[in-house]
Amino acid sequence: MGILKILVVVIFGVVLHGIGSSGEGLLVFDYYKETCPFVEDIVRRQVEIVVLRDPRMAASLLRLHFHDCFVLGCDASVLLDNTAEMVSEKQATPNLNSLRGFSVIDKIKYILEEACPYTVSCSDILTIAARDAVVLRGGPEWAVSLGRKDSLKASFDGANKYIPSPNSSLETLIANFQQQGLNIQDLVALSGSHTIGKARCLSFRQRVYEMNGGEEEEDRYKRYNTYKRTLRSICPITGQDQRVAPLDFRTPARFDNHYFLNILEGKGLLGSDDVLITQDYEGEIRTQVRSYASDQTLFFDSFVKSIVKMGNINVLTSHEGEVRRNCRFINH
């Protein structure tokens, strides 16, 4: 592409830059305009069908995108199955018996292969599906830049190392996000994803039964012991690891700003939700949380900026990857 053409494209805002593993690539809003013009309509329709049947799937598809981007970048490595030469990211601790939505992506890919063979990448499907999941639960709409290619490998070790734990300290969360080029503002905005979906007992048991914060923390739990008692009735101190509770008890199936109201009251489900307030000794995060709690439009605008930024982490473009024919396996 000539310099003049690049300048024209950038001026009209159709290109976003993504740093690929071997250099800089271009992602374009209308990447499939000629080759698969109905790609976004097809993805939206399938996400609509599955979310109507199972509202929780919206959060699962959003989480799938997040867990993909935090390991090697947004390259659909999370979708790869085990082979003799490679251990799947699906087997990593944060993903095993936890990540959902793989069959939804398979179905979308199957339909797209019928409509536009060898054209739409699995990583672009994940990115579009995450956006549609948010919109269909009442969240903001945004344009998705496209043109990602799919990775030729997975990273089991990377999935264990880079995906934040539900019991992470604030310091660890900040470091996790910084490794991906995301700042504290992105961390808080993207934590707002926990306005939809559910978490397993295994993920919030430590938050419900452990006290590490001294007298102030004890007082905090006494004030909200009804919430704690409810969680303990769902999640006993041993066993029932797979039982689930809503991440946002106020409006569990709606993408809104109630997550931030919850954590201000000490009613975030996960330890990693709670620490945004309890370990924010400078008060910077608390200010941001209060702003989102009182202004949903501000949260939506910030969330869109941050998820677009996340969707451009280490993308593979041009000849750096491939368009998989089956999202579970590299092409042979």
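Mentor: Beyond its neighbours within four places in sequence, H67 is in contact (heavy atoms within 4.5 Å) with P94, N95, L99 and I163. The model is predicted: local features need pLDDT of at least 70, side-chain atom pairs count only at pLDDT 80 or more, and totals for chains, interfaces and linings use all residues. Residues are numbered from 1 along each chain as its sequence is written, and side-chain values use heavy atoms, leaving out hydrogens and water.

Trainee: Why is H67 called buried?

Mentor: Buried means under 20% relative accessible area, exposed over 50%, partly exposed in between (1.4 Å probe, protein chains only). H67 has 4% relative accessibility, so H67 counts as buried.

Trainee: How do you know that the span of helix 15 agrees with its residue count?

Mentor: Expected span is 1.5 Å times one less than the number of residues. Helix 15 (residues 296-310) has 15 residues, so it should span 21 Å; its end C-alpha atoms are 21 Å apart, which agrees. Helices are DSSP runs (H or I, at least four residues), numbered from the N terminus.

Trainee: What makes E141 and R44 a salt bridge?

Mentor: The term needs a side-chain nitrogen of Lys or Arg within 4 Å of a carboxyl oxygen of Asp or Glu. Here N to O is 2.9 Å. E141 lies in the loop between helix 5 and helix 6 (156-162) and R44 in helix 2 (residues 39-53), so the pair ties together parts 97 residues apart in sequence.

Key
Helices (H or I, at least four residues) and strands (E, at least two) are DSSP runs, numbered from the N terminus.
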